[in-house]
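Visitor: Hi! Could you walk me through this one?
Guide: Happy to, here it is.

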Amino acid sequence: MFAVYSKPAQAYAAVGMETGVASANPHQLILMLFDGAIVAVANAKRHMQQGEIASKGETISKAINIIANGLRASLDIQSGGELAERLAALYDYMCARLLYANLHNDPAVLTEVAGLLTEIRAAWEEIASDPVVLSTNRTAA
């Protein structure tokens with residue numbers, strides 16, 4: 001029922017994350033997914049450079065899971081039209097590149113994917129600062 005944490009900082013972070021998710025609006029949740037994917041890719045690169053094969057594989061899998069089952073799954077292709085289709089294709093591309101990076105131990109590919117995620121996240125964050133877009137999104141949700 002309760003998670004056991006070996007370090008108090010882990011427990012604090014878990015509570016903070018749960019609280020953040022519970023109080024976030026859909027737009028903020030997408031930003032959190034981007035953040036999680038970016039961190040996972042950065043950790044994978046660190047593990048790759050340190051020769052930690054199992055940890056590299058786990059963090060790449062985590063990044064793929066966030067991109068495929070979080071970001072891509074959140075797209076509404078019917079309502080989003082061409083933009084949603086292009087984002088879906090880009091998310092598929094990122095997942096394929098992450099698999100390639102894992103198989104070939106290629107940190108440059110991880111840098112490429114992190115850059116794409118960061119760029120899309122910045123655009124998503126820009127949308128959040130536009131009150132017209134936000135009010136439109138809230139009424140459509």
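Guide: One term to start: buried means under 20% relative accessible area, exposed over 50%, and partly exposed in between, with a 1.4 Å probe and protein chains only. Asp-92 is partly exposed, at a relative accessible area of 37%. This is a predicted model, where local features need pLDDT of at least 70, side-chain atom pairs count only at pLDDT 80 or more, and totals for chains, interfaces and linings use all residues. Residues are numbered from 1 along each chain as its sequence is written, and side-chain values use heavy atoms, leaving out hydrogens and water.

Visitor: Which residue forms a salt bridge with Asp-92?
Guide: Arg-72 does, with the closest N and O atoms 2.7 Å apart; a salt bridge needs a side-chain nitrogen of Lys or Arg within 4 Å of a carboxyl oxygen of Asp or Glu. The pair links distant parts of the chain, 20 residues apart, with Arg-72 in helix α3 (residues 53-72) and Asp-92 in helix α4. Helices here are DSSP runs (H or I, at least four residues), numbered from the N terminus.

Visitor: How many salt bridges does the structure hold?
Guide: Five. One of them joins Glu-82 to Arg-86, with closest N and O atoms 2.6 Å apart. Both lie in helix α4, four residues apart, about one turn of the helix.

Visitor: Which residues are linked in a network?
Guide: Asp-35, Arg-121 and Glu-125, through salt bridges. Arg-121 is buried at 15%, while Glu-125 is partly exposed at 41%.

Terms used. Helix = DSSP H or I, 4+ residues; strand = E, 2+ residues; numbered from the N terminus.
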